[in-house]
Structure formats: C-alpha cells, structure tokens
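Subject: A structure for you to look at

Dear colleague,

I am handing over a structure that I would like you to open beside this message. Please look through it once on your own, and then read my notes below.

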Amino acid sequence: MTPMSSQLRYHWLPVVDDSSDYGLVRHAFRGRRIDLGANGESFCGNLFALAEPSEVDWIRAPSCQLCNSELKAVKG
Ligand SMILES: [Zn+2]
C-alpha cells in the first residue's frame, strides 16, 4: 500500500455553491488544478463545475468545513 502522506495532492478552489450567501465556497479537490477538467469531485463528495475564480472570490468565498475535516482525517 502506498503511504497516503506522500501521495496526497490537493488544492483549494472557490466554486459556485449556493450553500454560501456569497454564492461561492472554497472546496478542496484531489490532485492539481491542471489535472482536473471542467468538473471536479470535492473531498466532501460533491461534483462541481470548475472555473477560474477571481481574486475577490478567493477572499470572500468561505472554506468548506467538511472538506477541511476530510483533509485532516486523510492527513492524520
Ligand atoms: Zn467541500
């Protein structure tokens, strides 16, 4: 079995998500941004359309707490 710690690559990306008042939420996705296509599955298990966020999106979009705890669980 491959150790997860050396294999784990992820990145955060603001995506359209109505669960936030702002309309965008920062979710964590596996791999690198460049490895993903038009859609990506977040760590919290949802499929999102990926777009290039603006700088304001990075600042204003809240982080997904589920993704956060999933990452913590994976990293140990
Ligand atoms: Zn998430």
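Two residues are said to be in contact if their C-beta atoms, placed from the backbone, lie within 7 Å. With that in mind, residues 24 or more positions apart account for 44% of the contacts in the chain that have a separation of 6 or more.

Please keep in mind that this is a predicted model, in which local features need pLDDT of at least 70 and side-chain atom pairs count only at pLDDT 80 or more, while totals for chains, interfaces and linings use all residues. Residues are numbered from 1 along each chain as its sequence is written.

The chain has three helices and four strands, where helices (H or I, at least four residues) and strands (E, at least two) are DSSP runs numbered from the N terminus. Along the sequence they follow the pattern α-β-β-β-β-α-α. The radius of gyration, taken over C-alpha atoms, is 13 Å, close to the 11 Å that the globule rule (2.2 Å times the number of residues to the power 0.38) gives for 76 residues, so the chain is as compact as a globular protein of that length.

Buried residues make up 21% of the 76 residues; a residue counts as buried if 20 or more other C-beta atoms lie within 10 Å of its own, as exposed if 12 or fewer do, and as partly exposed in between.

F43 itself sits in the loop between strand 3 (39-41) and strand 4 (47-49), and it is buried because 20 other C-beta atoms lie within 10 Å.

W58, in helix 2 (residues 55-60), is partly exposed, because 13 other C-beta atoms lie within 10 Å. Apart from neighbours within four places in sequence, W58 is in contact with P14 and P53.
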